[in-house]
Amino acid sequence: MIDLQGYGPRLLEGALVTLEVAVLSLLLALILGLLTASAKLSRHWLFHRIATLYTTLIRGVPDLVLMMLLFFGGQIGVNMFTDWLYYQFDVDIFININEFIAGVVTIGFIFGAYMGETFRGAFLAVDSGQIEAGRAYGMSNRLIFRRIQFPQMMRHALPGLGNNWMVLLKTTALVSVIGLSDMVRIAAEATKATHEPFLFMIPVAVVYLLIASVSEWIVARLQKHYNVGFGEADEWNN
Amino acid sequence: MEQLNAWFTELLSDNAIFTANTLGYYLDGLGSTVRLVFLSLIIGLVLAVPLAIARGSRRKWIKWPVFLYTYVFRGTPLLIQLYLIYYGVVFIEGIQDTFLWAILKDAFYPALIAFTLNTAAYTTEIFHGAIKATPRGEIEAARAYGMSRALMMRRIIMPSAFRRALPAYGNEVIFMLHASAIASVVTIMDLTGAARFVYARFYAPFDAFLFVAAIYLCLTFAILYLFRYLEKKLLAHLKPLNG
């Protein structure tokens, strides 16, 4: 392995932390995004209102400010809640908001709002005749979602999801600011100690580019999967 | 004014955190943020126009370097770019002896350079996409009039490309405003820097950060409405009839 003045192994660990944060917050964002999209498409005005408030507020405030609010304020908020639980119900629990949790939750929360917009558009793009056809076959709502809506929605959502993932990946660099030892923080520490910014920052930048390139390839593969039946006639003709 | 001042002082008198003093920090921070974002957007815009034209060139040795630049700057986090320039600028051979050093040793200018290069990369891609989306008929009509390539670029392609790029560019402006929060990481007292200072001084995370979040929200909405107004004016000819 490349030594990088002894910082090589730590940078590698940092790269893993970056990936962990990115993947976990992606999962959270996807779940929140689906919930937001269904709330926005629901006929109930309250759900609609809440989802709109969520996406508007989140997209109007910088990620770093939200992250600091959650990291510095979250512990106080959680402590107040657990104290209340203790006095009211005699339940004694302690929840520790560390940098990792704060990072994942904030990034997931922010990108849930963006994913929600993507999913909403994609759901609207699915022809309503398809859903009616499913109903005509006597499918339950859940089966319609699983077999008809979701696979077709994904075809429309994938380009947007891919974009969101790329932005999310770059946003993970911010967790270094609240103190999580991802590869950016380790590179910054190494830079301060050795005064060699290029030696550490350029490899980190290359790792980001690598992850981005690999994800581009994966998104293209997924796109092919969900595009089955649409515009791939060439393959059959040859 | 006098009355307003008195009213304001009284309002703040029983508030431990938001004194006139801390509000001053926020005001200075607002100034820094606006200066940083505005300057980097303007310079980035000026850089992006020729770069976008070069990006669409048919000559490989013009096209590829621009593509590489936008790929690298759009594919890596802004924070890394900021660190590279902030820490790296010291190592340019002999820079400490030139007049440039007086400018560059302040954190503001390295941040400005990083932000400018970043937004120029994004804006280049936005304009490139808008130029590529020019309807064929418009170009054919320009050719039929015997316009040269430069004239066609100036009179036909660029004006319509600018309009098409407007919504995406509005997003980029908001993105830049939000991205500027990381300037506080390299000791710049921007809005976020002011909030961090107030937080550290009073240990009041909610007051410090919610207040600054509200300011960012107002700025975001102001930009949003500005661009909506511009779109309404400049894209009026694209609206459906009776729309």
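1. A word on the annotation to begin with: UniProt positions are given in the numbering used here, and annotations may be inferred rather than shown by experiment. With that in mind, the unreviewed UniProt entry puts "transmembrane region" features on chain A at residues 15–39, 51–73, 93–114, 156–178 and 198–219. Keep in mind too that what we have here is a predicted model.

2. I looked at two of those spans in the coordinates. Residues 198–219 of chain A come out as 100% helix and 0% strand, with 31 Å between the end C-alpha atoms. Residues 156–178 of chain A are 70% helix and 0% strand, and there the end C-alpha atoms are 36 Å apart.

3. A:Q5 sits in the segment before α1 (8–41). Buried or exposed, with 11 C-beta neighbours inside 10 Å? A:Q5 counts as exposed, because the cut-off for that class is 12 or fewer. Between A:Q5 and A:V177, which are 172 residues apart along the chain, the C-alpha separation is 23 Å.

4. Chain B is simple to describe by element: 10 helices and 0 strands. Its radius of gyration is 22 Å, whereas the globule rule gives 18 Å for 243 residues, so chain B is more spread out than a compact globule. The C-alpha trace of chain B spans about 75 × 60 × 30 Å along its principal axes.

5. The largest nonpolar core has 90 residues, and the ones with the most contacts inside it are A:V65, A:A187, A:V204 and B:L79. Helix α4 (residues 99–125) of chain A gives this core its largest share, 11 residues. There is also a second, separate core of 15 residues, with B:A52, B:A120, B:Y122 and B:Y169 among them.

6. A:V65 is worth a click in the viewer. Leaving aside residues up to four places away in sequence, A:V65 touches B:A181, B:T192, B:A195, B:F209, B:V212, B:A213 and B:Y216.

Definitions and conventions
Residues are numbered from 1 along each chain as its sequence is written. Chains are lettered from A and ligands numbered from 1 in the order in which they are written. This is a predicted model: local features need pLDDT of at least 70, side-chain atom pairs count only at pLDDT 80 or more; totals for chains, interfaces and linings use all residues. Helices (H or I, at least four residues) and strands (E, at least two) are DSSP runs, numbered from the N terminus. A residue is buried if 20 or more other C-beta atoms lie within 10 Å of its own, exposed if 12 or fewer, and partly exposed in between; C-beta atoms are placed from the backbone. The radius of gyration is taken over C-alpha atoms; the globule rule is 2.2 Å times the number of residues to the power 0.38. A nonpolar core is a set of buried Ala, Val, Leu, Ile, Met, Phe, Trp, Tyr and Cys residues joined through C-beta atoms within 7 Å. Two residues are in contact if their C-beta atoms, placed from the backbone, lie within 7 Å.
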